[in-house]
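Morning, everyone. Please look at the sequence and the structure on the screen before I start.

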Amino acid sequence: MPYEAVSLPGKPIAIQFGAGNIGRGFIGAVLSQAGFHVVFADVQEKIVNALNETGRYDVHILNGETQIETIESVSAVTSTDLKAIETIAREPLSIITTAVGPNILPRLAKPIAQIIRTRMEEGMGPINIVACENLQNATDKLREALESELNDKERVYMQDNIGFAICSVDRIVPPFSSDNILDVGVEPFFEWTVDSNSLKKTDPDVVINGMHTTNNLDAYVQRKLFTLNTGHAITAYLGFLDKKDTILDAISDDSIRTTVTQALHESGAALLAKHHPFFSQEQHEEYIKKILKRFSNHNLKDEVSRVGREPLRKLRQGDRLLGPVEMCRERNLGHDTLLLGIAAALLFHPTGVHEDQEANEMQDRIQQEGIEKVVSDLTGWEKDDEDLQKITREYSRLKSA
């Protein structure tokens, strides 16, 4: 069923690129509950057609109780259908959000460029784009891709009228089984924090309940990435090595929980050194406890193979594993447990239905080039670097265990 222009007097429009679990269960749900008509843009025709046919779906809050939030006033469009995208651009569009994954993000340049081009032709005012991805400065990456799609005049319009707001998003959205392909399961907790300095004032200037703004986003981004994502990844990699199926199974193991907790205290020491007094040691201790409690939610059946997938992306400099290590190195803080987490990531290689292309590529590189060369390439460290040697020793120990 194709997208049709909606006519909702007084109701602002939001377009959410990505109608996957995070798009529907987190960002799209928050926008709908804040009073928007949400148009999802995705390449999955089954999802697009189902959204247009029903105009609603259910979000199941996984807290041990039967708690369902019905998300209404939604529709969808195929993200490669530029004619339909142009139609949306002519509507009272107030915000553009994404949840497609860092690798897919640059592909949105064409449809979003169409929105910008149309709004310029129609003399329309400012609008904000918020890339809700697990990647630092994801919105900047999208802006760079957009610049290559626009001409000089369009780039000037974009500079004056398009806000590229960086943000931090935090909600665990595991795979969910339901008879309805649109329904999604989520943990109760969520946090969506957006940089107020990068937002353009729009008309109407809509207040989005559920989206928190701050003038110090860097602290929020790094706290979340180097705590939730760091802990999640290390739990998954240690769980994989210990043949655990789910994050819950892994974090319920005393040895794994102790190691993950120690790693989070190491990253926490660096975060506090950089961002104090924005948050205090007591506040961060509570944050770590909250993260570990979320991992221990018995209603979340999140497989270690899913959380650990794409290990090369997670091992990029500045990301959830090397990022906190780099912060610790800069400040001469202990980080041996974080190095252990990196070593565990280097051994991640699920097989069968959980086989992961990046994990296979990583193992091929280790086999062909040797572990020291791969670690050196990933980290940028010399082979005689003390931390590189610690990683290789832990790798060998874990591999032979």
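First, the ground rules. This is a predicted model, where local features need pLDDT of at least 70, side-chain atom pairs count only at pLDDT 80 or more, and totals for chains, interfaces and linings use all residues. Residues are numbered from 1 along each chain as its sequence is written, and side-chain values use heavy atoms, with hydrogens and water left out.

UniProt, in an unreviewed entry, lists residues 216-379 as "domain: Mannitol dehydrogenase C-terminal". UniProt positions are in the numbering used here, feature names are shortened, and annotations may be inferred rather than shown by experiment. Over that stretch the chain is 71% helix and 0% strand, with the end C-alpha atoms 28 Å apart. Helices (H or I, at least four residues) and strands (E, at least two) are DSSP runs, numbered from the N terminus.

Now helix 16, residues 371-379. Its buried residues are Ile371, Val374, Val375, Ser376, Leu378 and Thr379. Buried means under 20% relative accessible area, exposed over 50%, and partly exposed in between, with a 1.4 Å probe and protein chains only. Among the elements covering those residues are helix 13 (322-330) and helix 17 (386-400). Contact here means heavy atoms within 4.5 Å. After helix 16 comes Gly380, with a positive phi near 80°.

Next, the rings. How many aromatic pairs does a search of the whole structure find? Six. Rings of Phe, Tyr and Trp (its six-membered ring) pair if their centres lie within 6.5 Å; planes under 30 degrees apart count as stacked, over 60 as edge-to-face, and the rest as tilted.

Take Phe40 and Tyr57. Their ring centres are 6.2 Å apart and their planes at 65°, so the pair is edge-to-face. Phe40 is in strand 2 (residues 37-42) and Tyr57 in strand 3 (residues 56-62), 17 residues apart. Both Phe40 and Tyr57 are buried.

Then Phe240 and Phe348. The centres are 5.1 Å apart and the planes at 65°, so this pair is edge-to-face. Phe240 sits in helix 7 (residues 217-241), while Phe348 is in the loop between helix 14 (336-345) and helix 15, 108 residues apart. Phe348 has 0% relative accessibility, so it counts as buried.

Ring pairs also link Tyr220, Phe278 and Phe279 into a cluster. Arg223 lies over the face of Phe279, 5.9 Å from the ring centre. Arg223 also lies over the face of Tyr287, at 3.9 Å from the ring centre. The test: NZ of Lys or CZ of Arg within 6 Å of the ring centre and within 35 degrees of the ring normal.

On a 1 Å grid over the protein atoms alone, a cavity is a set of points where a 1.4 Å probe fits but cannot get out; a pocket is an open set with protein on both sides within 12 Å along at least five of seven lines; lining residues have an atom within 4 Å of a point. Grid points are joined across faces, edges and corners, and a volume is the space filled by probe spheres set on the points.

The largest pocket has a volume of about 1,400 Å³. Of its 49 lining residues, the closest to the centre are Ile22, Ala99, Val100, Gly101 and Arg309.

Last, Glu187. Buried or exposed? Buried, because its relative accessibility is 2%. Leaving aside neighbours within four places in sequence, Glu187 contacts Arg171, Ile172, Arg294 and Leu300.
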